[in-house]
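The sequence and structure are shown first.

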Amino acid sequence: MEILKIIVFGLMATILINVVSYHGGYAKAYGDLIRILTVTMFMIFIVTQLSGVYAVIKDLAAKLHMDGTYLNIVLKVVAIAYLAEFGAQLCEDAGEKAIGGKIQWAGKVMIFVVATPVILALMNLIADLI
């Protein structure tokens, strides 16, 4: 199971960070470097897992003769939400809650911008019904 790999890798990184950071000074910088590398490895793993899901969704949409425009918008919105949350959590973990909050706000704005064509299409549909 893939989640076990993530858990074991995370626990090993946590133990290594605690051992290295225990002495303080320059060792703390090495602990920070290990944190950054661990998070980067997690992101790479997650993105590779999502590429398979994207292929399945795209194939299903083709079979259902769905408009690719709206599917791409939905997938972009989901990606923005996940990435903004991930970035905000990283900043908050580093003690920068204010920056994390701004990342979340920027993510919400970007979701609104990306979803604007869907909102306009929905408004046109409602206007046509009236």
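In which helix is leucine 11 found? Leucine 11 lies in helix α1 (residues 2-21), helices being DSSP runs of H or I with at least four residues, numbered from the N terminus.

## Basis of the model

The model is predicted, with local features requiring pLDDT of at least 70, side-chain atom pairs counting only at pLDDT 80 or more, and totals for chains, interfaces and linings using all residues. Residues are numbered from 1 along each chain as its sequence is written, and side-chain values use heavy atoms, leaving out hydrogens and water.

## Salt bridges

The whole structure holds three salt bridges (a side-chain nitrogen of Lys or Arg within 4 Å of a carboxyl oxygen of Asp or Glu). Glutamate 2 and lysine 5 form a salt bridge through their side chains, at 3.7 Å from N to O. These two residues are separated by about one helical turn, because glutamate 2 and lysine 5 are three residues apart in helix α1.

## Packing of α1 and α2

Helix α1 packs against helix α2 (residues 26-63) at an angle of about 170°, the axes lying 8 Å apart. Axes are lines fitted to C-alpha atoms, for helices over the stretch in contact, and angles run from 0 to 180 degrees between N-to-C directions. The two helices, α1 and α2, are therefore roughly antiparallel (angles over 145 degrees).

## Packing of α3 and α4

Helix α3 (residues 68-93) and helix α4 (residues 97-129) cross at roughly 175°, with axes that come within 7 Å. Helix α3 is therefore roughly antiparallel to α4.

Key
Angles under 35 degrees count as roughly parallel, over 145 as roughly antiparallel, 65 to 115 as roughly perpendicular and the rest as oblique.
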